[in-house]
Amino acid sequence: MRRPYERPATQEATGGVLSLLWRSGVHVHELFEPAPQECARGAVVGKRLVLGARNRKLSAFDTGTGAQLWQTDVGAQIESEAAYDPDRQVVYVGANDGQLLAVDPANGAVRWRFQAEGGIANAPLLTRDALYFSTNRGRLYALSAPSGKFLWDYERERPDEFTIHGDASPRLFDDRLYAGFSDGFLAALRPTNGDVEWARSLASGSNQYVDVDTTPLMVEDTLIAGSHSGGVYGLTANDGLVKWRVPVEGA
């Protein structure tokens, strides 16, 4: 029997200790189905949490009670992080089959959807008028935020060998878009048209597990990113020259 939410018995807690307020089922697995491992992260919109799951559904829960407010079947598993656009009152979420959806957080209605090549595991990067996101096929996409219209994409060839699970999210610093790829490269592109300003390999001579799955950071004038085999790098933002490298494995 499905139990959408339940309130546990009230428990007294000492000062500074967390206590459970409510619990709500996200993915109720069927008989003989293994218990799912949920990886998605939700977006909080006012007093509701919009959250995807591996049951191919997007749901909204009341943050005060845990009650399920609506549920929308999107037809594919969701393991990504949702992103809320307060200007347009819409939640963007990516699915494992490459769908990027714009959903009304009030009722779950899909305003538009775009079909990309490859699964989406991270939250899209939202700017004033555009959305940028990466897929596990080595593609970076740019879409119009109001309509979902395709603007441009950039693709790097995936390695023939096994790659590390996960993908980096793109980041925008000083009108330049930075993104990492599974072939070990970090690239800087123009956000308006996807033209490449520079691309730098962070593989450091290795030919296996070179993935740049880290979302880039900017600290003062140093761009920081990491390769699984190459380590953590500090680079100049304008041309991608290596300032320093910490040779650790698994970054």
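1. Tyr178 and Trp198 are both buried residues. They belong to a predicted model, and every value in this note should be read with that in mind. The rings of Tyr178 and Trp198 form an aromatic pair of the tilted kind, with 6.0 Å from centre to centre and 50° between the planes. The pair connects distant parts of the chain: Tyr178 is in strand E16 (residues 176-180), Trp198 is in strand E18 (residues 196-201), and the two are 20 residues apart.

2. The structure holds eight aromatic pairs. Another of them joins Phe114 and Phe150, which are stacked, at 6.2 Å centre to centre and with 10° between the planes. This pair, too, links distant parts of the chain, since Phe114 lies in strand E10 (residues 110-115) and Phe150 in strand E14 (residues 150-155), 36 residues apart. A pair of aromatic rings is described by the distance of the centres and the angle of the planes.

3. Arg156 lies over the face of Phe185, and its distance from the ring centre is 4.1 Å.

4. The next points concern a sheet. Four strands form an open sheet in the order E11-E12-E13-E14, and their pairing is antiparallel. Strand E11 (125-126) and E14 are the edge strands, each of which pairs on one side only.

5. Within this sheet, strand E12 (residues 130-134) and E13 run antiparallel and are joined by five bridges.

6. Arg139 stands opposite Glu155 in E14, while Ala142 has Trp152 in E14 as its bridge partner. The hairpin of E13 and E14 has five residues between the strands, and within it Gly148 takes a positive phi near 80°.

7. Why is E13 described as largely enclosed by the rest of the structure? The reason is that six of its six residues are buried. Both faces of E13 are covered: Arg139, Tyr141 and Leu143 are buried on one side, and Leu140, Ala142 and Ser144 are buried on the other.

8. The loop between E13 and E14 contains Lys149. Lys149 has a relative accessible area of 57% and is therefore exposed, as the cut-off is over 50%. Between Lys149 and Leu131 there are 10.0 Å in space, C-alpha to C-alpha, and the two are 18 residues apart in sequence.

9. Gln89 has a positive phi of about 55°. This residue is found in the loop between strand E7 (83-85) and strand E8 (90-94). Gln89 has 41% relative accessibility and so counts as partly exposed. Asp175 has a positive phi of about 60°. The place of Asp175 is the loop between strand E15 (171-173) and E16. With 58% relative accessibility, Asp175 counts as exposed.

10. How many cavities of 30 Å³ or more does a search of the whole structure find? The search finds one. The largest cavity holds about 70 Å³ of space. It is lined by 13 residues, of which Thr135, Gly138, Asp167, Phe181 and Ser182 are the closest to its centre. By class, three of the lining residues are nonpolar, six are polar and four are charged.

Terms used:
Residues numbered from 1 in each chain as written. Predicted model: local features only at pLDDT ≥ 70, side-chain atom pairs only at ≥ 80, totals over all residues. Heavy atoms only, no water. 1 Å grid on protein atoms, 1.4 Å probe; cavity = no way out; pocket = protein on both sides within 12 Å on 5 of 7 lines; lining within 4 Å. Points joined across faces, edges and corners; volume = space filled by probe spheres on them. Nonpolar A, V, L, I, M, F, W, Y, C, P; charged D, E, K, R; others polar. Phe/Tyr/Trp six-rings, centres within 6.5 Å; stacked < 30°, edge-to-face > 60°. Buried < 20%, exposed > 50% of the residue type's maximum accessible area, 1.4 Å probe, protein only. Lys NZ or Arg CZ within 6 Å of the ring centre and 35° of its normal. Pairing = 2+ DSSP bridges.
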